[in-house]
Amino acid sequence: QVQLVESGGGLVQAGGSLRLSCAASRSMLSINRMGWYRQAPGKQRELVGHITSDGTTTYADSVLGRFTISRDNAKTTVYLQMNSLKPEDTSVYYCKFTARVSGSVWPSDYWGRGTQVTVSS
């Protein structure tokens with residue numbers, strides 16, 4: 001019943017910026033965490049960063065200082081502002097909400113389908 005849809009991916013030159021968005025198809029009863037992950041070809045999926053229910057953010061060392069996670073006031077959308085992009089940032093980026101929806105007993109992970117980010121040299 002819940003779908004996450006990412007947008008904002010594309011092709012950008014090294015040093016450029018890109019902003020990703022991830023929106024839930026419906027409101028959630030409670031959201032514990034909203035985060036971003038990425039997976040490049042031949043590599044494992046890795047955490048980029050996340051934001052908790054109280055607004056605390058965490059980032060991977062590889063993106064710290066360059067990427068910023070934020071959310072809207074309704075907590076239905078999470079954003080990933082990516083600055084000073086590097087070729088090694090090239091990957092498919094996925095959003096994930098850890099949340100409980102109406103009718104559910106336990107919080108669950110909800111994943112988006114991913115959006116491609118390509119950074120050229």
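**Disulfide, strand pairing and local contacts**

Cys-22 and Cys-95 form a disulfide in which the sulfur atoms lie 1.8 Å apart, a disulfide being a pair of cysteine sulfur atoms within 2.5 Å. The model is a predicted one, in which local features need pLDDT of at least 70 and side-chain atom pairs count only at pLDDT 80 or more, whereas totals for chains, interfaces and linings use all residues. Residues are numbered from 1 along each chain as its sequence is written, and side-chain values use heavy atoms, with hydrogens and water left out.

A search of the whole structure finds one disulfide, and the link of Cys-22 and Cys-95 is right-handed, with 50 degrees about the S-S bond. Because Cys-22 lies in strand E3 (residues 18-24) and Cys-95 in strand E9 (residues 91-100), the pair ties together parts that are 73 residues apart in sequence; helices (H or I, at least four residues) and strands (E, at least two) are DSSP runs, numbered from the N terminus. Cys-22 counts as buried at 0% relative accessibility, and Cys-95 likewise counts as buried at 0%, where buried means under 20% relative accessible area, exposed over 50%, and partly exposed in between (1.4 Å probe, protein chains only).

Thr-77, in strand E8 (residues 77-82), counts as buried at 11% relative accessibility. When its neighbours within four places in sequence are left aside, Thr-77 is in contact (heavy atoms within 4.5 Å) with Cys-22, Ala-23, Met-34, Ser-70, Arg-71 and Asp-72.

Strand E9, which holds Cys-95, pairs with E11 in the antiparallel sense over three bridges, two strands being paired if DSSP finds at least two bridges between them. Tyr-93 stands opposite Thr-115 in E11. Strand E2 (residues 10-13) runs parallel to E11 and is joined to it by four bridges, and the bridge partner of Leu-11 in E11 is Thr-118.

Asn-32 is found in strand E4 (residues 30-39) and is partly exposed, with a relative accessible area of 37%. The C-alpha atoms of Asn-32 and Ser-53 are separated by 5.2 Å, although these residues are 21 residues apart along the chain. With its neighbours within four places in sequence left aside, Asn-32 is in contact with Ile-51, Thr-52, Ser-53, Thr-98, Ala-99 and Pro-107.
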